Each structure stands twice: as C-alpha cells, then as structure tokens.
Amino acid sequence: MPYSLREAFNAFRRSPMLASLSIAMIGMSLLVVGLFGIAAYNIRRVIERMEARVEIVAYLRDSANPNDLQRAQQEIQKLEAVRGVTYISREQALDIARKELPEFQTLFGAMDGNPLPASFEISLRPGQKSAEAVRAIAQQVARYEFVEDVRYGNDWLDKIYLLRRVAGAATVILGAAFALVAALIIGAAIRIAIFARRDEISIMRLVGATDSFVRRPFLLEGLITGVCGGAFALILTYVTFRLLSNSLLQLEWVPLEWVVSILALGSVLGGIASAVAVRRHLQEI
Amino acid sequence: MIRFSHVYKEYARGGLALEDVTFEVKKSEFCFLTGHSGAGKSTMLRLIHMADRPSRGEVRVSGYSSEGIRQREIALLRRKIGYVFQDFRLLQDRSAAANIAFALEVTGANRAVIRTKVGRLLAQVGLAAKAEALPSELSGGEQQRVAVARALAHDPLVLLADEPTGNLDERATWGIYELIRSINASGTAVLFATHNMDLVRRSPGTRVIEVDHGRIVFDSAAEAL
C-alpha cells in the first residue's frame, strides 16, 4: 500500500475517537441535507403527479357560432404547448355530469333545460405545465369573445409551485449551511491531526520530502472522513425515512443519483476542507 | 559546495541576525562554526538548509541559489544535506531502524533499498544490535547516532551539525565527534556548530569560523592565507 494511503488509514487507528467524532458530526450535518433532499424529492413527485392532471377548461357562450368555434379549436390546437383540444357540447357536459355526479340524479331530472355550457378541454404537453405556461395559454384562450370563463386551477397551481420553490430554496440554503458546518469540522479535525504529527512533518521536510508528499496523507484522510461521513448520513437518512414512512407519511426514497450525490458531496467537502486546512496549517510548522 | 556572498539576515521584529557574512566551504571540508549562543551559527545553518532566505546577499549550495529557488527544488536540495541537532529530533514512537527508514520512505525509496540501507547505516553508527530499540530505550549518545544515521540516509554532500554534542557527556561527545569525522573522511563536507572549545582545541589544523553578533570575526582559512 502506498505511504500516503497507509498513513491516511493510520490516522484513524491513531486517533479513533477524533475520527469517529468527525464522521459522526459530518453524518449529522449531511443528515439535514438528506432529509431536505427527501422532502424536496417528494414535493417534486407530488407536483409531477398533479401536473399530469393539469388542463385548461374554457367555457363557451351559448351564442357562439359553430364556425368560429371550429376555427378557434384549430388555432388552439396549433399552439406549441397544447397536446389536444376536445370540444364538449352542452349535451355531452350534461351526460358527463350525470355519470360523474350520480348523487345529483334527482336534481338533473327536475331541471327543465340544460344549465351546463359547452366547453373546450385543452390538454397540455409534458413539460409545458408550469404555472406561467398554463396562465399564458389560458389568457390567450380567454381573448376569444365567445369564451365566457377559463378555469385551470390557478389558485392551487400557484401555491404548489410556491411550495416547490420554497422547498428547493430551503434545501439549497440549509444544505449549504450544513455542508459548511461539515467542512469546518473536517478542517478542524485535519488541523488537530497536523498538530499531533508536527514532529513527523518537520522531519519529513528536514529530510527532503516534497510539500505535495507531506500534504497527500492529510488530503486522503479528509477525503476518507468525508466519504465515511456521507455514508453515515445516508444510513441515518434512510432510518429516519423508514420511521417517517411507517408512522406519519407515505414517502418515496430518493433515486440512486441522489444517494451518490450525498456520498460525492461528503468526499468533495472532505477534500476541499482538508486542502484548505493543510495549506493553512502546514505553513505554521 | 557552500558559498555565502555578503549575506544579511534580519529578524522579523528588527535587528540583524547576520551581517555581511561571506565565506565558502569546499567539498569534503570540515569546518567548525563557533561562537556564543545567539551569535548566528544556527541561522547560518538554516540558510544553508533553505529553511530561511537571506534578507540580502546570496547563499549558494551545491548549485542551488537562495535567489529564486523553488519549493520543490528546496526538497531536492535537502536530500543532499544531512542535518543533526542538539535535541536529536527522533520520532519517539518508532524504533531506531524505523526512524532511519522514515527518511528514505518519505522520499519515495522502495522497500528493498530501505532495508539494505538501514542495515548498513545502523552498522556504520555502531547500533546494529539496537535496531528495534525505541529512542526512550537508548542513551543520549545512541540517540544522536541514530540521528546521524538518518542524516546520512541520502548520502549527503554536506552534513550540518547544530550543537550535536550539546546534550551529551564527554565520552558520548567524543564518540559522536569521531563518528562525524569518519563521515567527513569518506568525502562528506561537515559544518559543525559548537561552543565546545575543547573539541576545537583538540582538532588542530581544522578550519574554524567564529561568529559574533552575526558577523564572522575569525576564519582560520582566511588567516592562513
């Protein structure tokens, strides 16, 4: 085994308590990142499912000219974000209402005429269902003078997108804050390791070891600490996820890329933090 | 081998550690560096080792100049310089053999080379029987022998000895001195900083440079000329 790697592993043997504490602290910090990641992922999944059901319904005036309606249907169909436009006549609307709302059968029977308007049901292409895109199409459709009203669930759509933005921002901000904490912990651990081995380092320099050779074991130590901290965070995140899933909420576990990202985040943090600490503190020896 | 040209070294807080120091040490030469504590002997050795740079003037060691030497070159230069100290500076948790091996290991030597060389060096300093002893199990003189062996690990062109006998009794002092003389006899230049004038007096014909308040006040080589 090369000297640098052997020394990096020896550091864990020499100070197991310090190494365990560093890994535990990094694990706890990255746990927060992991939990927010699960929250963000699940909110995203909910939004995706809701998005799949997003459609625009344009209610038409009874006085609408059939030729105008046909022309408008073709024009709307040509819009880039639109997947399909279905014309629902007043009679079809009543039939649908009777099927979908059987509890109002008596009411429907007692009615003299048909109170329901005809409508266009506009479905959208995947990826074209953001609040802005939906609103833009709704506004465009509303411009036809025979369109009486346009509904697309604007209230809840706005709220769900706001929730998504807040969850995303919270993940980034808190993730960055806790990642910084993890980096500071690794930096402090490396500083202690450098201090504990200052005699060795000064002798290495005395006999002609290059700076990169002196640095390498500490960089590897930081990297290994970061990876172990990331793995510990994953275990903690999974345990918390199982507890929440079994008792409170129906949650989905994050995809493999996200798991790899946490491990990568741990190792990158470890690498950067130890590089900064080594650069700063080796000069003091 | 070593050349100081009008070297000045200022302390960080002001004041001069060395003032207009000029001298040369040739290949295979043995040279005492004498003077009271704080005279500037250790500063001169640190400048040769490129652990410090002159404030003015130039230090040249084995072709490397203090002006513009790069960090990596310093590491390479140090492999040509052995250094021993009054306080030995051994790793307390490693055996005598491991202390010597460490110097080779951290400069990338392979295991076979390390094993052969460590055995040879321990024999050279008379400690073959104590290869596995920890520094705490060795006498002061023996610890200094380990330090000398470590300094010789890279077959240096020059050996810097900074008060190497300062912590030793008379018998150990002479043992170390004889060892360093024998190293010099095999071609390694030696700069031996000491304020033990007894050693100097009992080495007639050996070059002596005396430093006082950062200036060279006596150089037997110059006197001879």
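This is a predicted model: local features need pLDDT of at least 70, side-chain atom pairs count only at pLDDT 80 or more; totals for chains, interfaces and linings use all residues.

Author: Residues are numbered from 1 along each chain as its sequence is written, while chains are lettered from A and ligands numbered from 1 in the order in which they are written.

Reader: Which residues of α1(B) are buried?

Author: A residue is buried if 20 or more other C-beta atoms, placed from the backbone, lie within 10 Å of its own, exposed if 12 or fewer, and partly exposed in between. Helices (H or I, at least four residues) and strands (E, at least two) are DSSP runs, numbered from the N terminus. Six of the eight residues of α1 (residues 41–48) of chain B are buried, so this helix is largely enclosed by the rest of the structure. The buried residues are B:K41, B:T43, B:M44, B:L45, B:L47 and B:I48.

Reader: Is B:H6 buried or exposed?

Author: B:H6 lies in strand β1 (residues 2–10) of chain B, and has a positive phi of about 50 degrees although it is not a glycine. With 12 other C-beta atoms within 10 Å, B:H6 is exposed.

Reader: Which residue of β7(B) is the bridge partner of B:G82?

Author: Strands pair if DSSP finds at least two bridges between them, and five bridges join β6 (residues 81–85) of chain B to β7(B), the two running parallel. In β7(B), five of five residues are buried, and the partner of B:G82 is B:L159.

Reader: What is the handedness of the crossover from β7(B) to β8(B)?

Author: β7(B) also pairs in the parallel sense with β8 (residues 189–194) of chain B over five bridges, where B:L160 stands opposite B:L191. The chain passes from β7(B) to β8(B) through helix α6 (residues 170–185) of chain B. A crossover is right-handed if, with the strands pointing away from the viewer, the path from the first strand over the helix to the second runs clockwise, and this β-α-β crossover is right-handed.

Reader: Which helix gives the largest share of the side of chain B that touches chain A?

Author: Counting residues as in contact if their C-beta atoms, placed from the backbone, lie within 7 Å, 16 residues of chain B are in contact with 12 residues of chain A. Both α2 (71–78) and α3 (96–105) of chain B supply at least two residues each to that side of chain B. The largest share, five residues, comes from α2(B).

Key
Two residues are in contact if their C-beta atoms, placed from the backbone, lie within 7 Å.
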